[in-house]
Amino acid sequence: METTATADRLHEMLEQIQVFIDEEVYPLEAQAHGKSWGDVVPLLEEKRQKVKAAGLWTPHLAQAWGGPGLSLAAFGRVSECLGRSPFGHYVFNSQAPDVGNMEILMAHGTPEQQQRFLWPLLRGEIRSCFSMTEPEHAGSNPVIMSTTAVKDGDEYVINGHKWFTTAADGAAFAIVMAVTHPDAESPYGRASQIIVPTDTPGFRLVRNISVMGDVGGGWASHAEIRYEDCRVPQSNLLGAAGSGFTIAQERLGPGRIHHCMRWIGICERAFEMMCARAARREIAPGKPLATRQTIQNWIAESRAEIDAARLLVLDTARKIDEHGAYQARVQVSVIKFYVAGILQNVLDRALQTHGALGMTDDTPLAGWFRHERGARIYDGPDEVHKSRVARQIMKQYGVRL
Ligand SMILES: Cc1cc2nc3c(=O)[nH]c(=O)nc-3n(C[C@H](O)[C@H](O)[C@H](O)COP(=O)(O)OP(=O)(O)OC[C@H]3O[C@@H](n4cnc5c(N)ncnc54)[C@H](O)[C@@H]3O)c2cc1C
């Protein structure tokens, strides 16, 4: 549980952040409309400087790294608040995939790696990406991987083909998963994580894939990348050799709390928009949409689903805070598919309530509807998480799935 002092600090932070989102971030949405990433960056940079000046920068970090030192559950509340705008997390430097990479570098980076890659990331001077999924293999079971990193002198030579490397366009470095120990007995011991600066010869960004919901490259893009005899010093190895999957797993527990709370932020904003539209839009003289039972059902169902989702996610975060991500792994899978589903439901109802307006980019709903379809796929598709949950439960009944 939070101490009272922490609870007071969190309350104060949430208020400050909400005011900043209302006054500074929401107006960006209209300004950014139709622009490429490159054109939006200066607008975002100006806001980032204001966030720094307000002492709200990188709210996910421990005090040792310059952050407020919130628990995961407390940061979850902040993540919900930031999630209310597509730009919220970025403006506060708490955006995926950088947050996950920061966590890896804080936990496993050498002092030299932290100096060169982590601190500039924390200061918001550079961006990064995480390069694991390959087009030729099922990303749902990433232990099957073709990318290799072979030692040659004091270097690794990396060869492989990746895709869906989010935010690679303009990133300063990638953390690449590559097979370094093909003969390891456990398939989970075969890969390592290696830092590859994107200006290394042999790092080839083939294209930004055209993905539903993406806008104009940069941070909000997904790249296909080829690693062609790409040489980096062996000192770029992150953590122990062969520990790539262990480290990736560590990254995923907290990462799913961040995503789920961001989705709840989206749900809350979509819900408010749906209710406001239902109150204003008259379908007959003096009869707003809200007078119709279908709309009332959507309002009630959405309210119940969002509240249930929030309680579930915060309880999972508390469990991770108290017992670690491994102990909470079943609940982490539950929230991943459950909240992704609620997000689709709420966005769909809000969009439908807006009629044709919902299909336009005059509100954030259509952009979210396109972009957040991926929530049911990235960080593990629904079906994989449901299988994992059922497998753990059925163990108690003596059935091994
Ligand atoms: C928006 C977005 C961002 C991403 N960002 C990154 C990134 O930054 N870095 C990175 O490395 N990767 C990233 N990915 C890739 C992501 O991790 C993979 O898409 C995901 O792991 C699924 O792998 P796949 O696409 O190869 O689908 P596949 O593994 O081919 O699975 C296809 C479908 O099969 C079904 N399925 C799979 N396994 C099972 C099972 N065990 N039981 C039942 N059904 C099953 C599911 O319905 C699944 O959707 C991103 C993906 C998206 C959509």
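Trainee: How far does a polar side-chain atom of Thr133 lie from a nitrogen atom of the ligand?

Mentor: 2.6 Å separates a polar side-chain atom of Thr133 from a ligand nitrogen atom. A polar contact is a pair of N or O atoms within 3.5 Å. The model is predicted: local features need pLDDT of at least 70, side-chain atom pairs pLDDT 80 or more, while totals for chains, interfaces and linings use all residues. Side-chain values use heavy atoms, without hydrogens and water, and residues are numbered from 1 along each chain.

Trainee: Which other distances to the ligand are there for Ser140 and Phe130?

Mentor: An N or O atom in the Ser140 side chain is 2.6 Å from a ligand oxygen atom. A polar backbone atom of Phe130 is 2.8 Å from a ligand nitrogen atom. On its own the ligand has 980 Å² of accessible area, and the protein covers 65% of that. Such areas use the Shrake-Rupley method with a 1.4 Å probe; for residues, only the protein chains shown count as cover.

Trainee: Is Val399 buried, partly exposed or exposed?

Mentor: Buried is under 20% relative accessible area, exposed over 50%, partly exposed in between (1.4 Å probe, protein chains only). Val399 counts as partly exposed because its relative accessibility is 34%. Val399 sits in the segment after helix H12 (382-395).

Conventions: Helix = DSSP H or I, 4+ residues; strand = E, 2+ residues; numbered from the N terminus. Polar contact = N/O pair within 3.5 Å; in protein donor to acceptor, adjacent residues only side chain to side chain.
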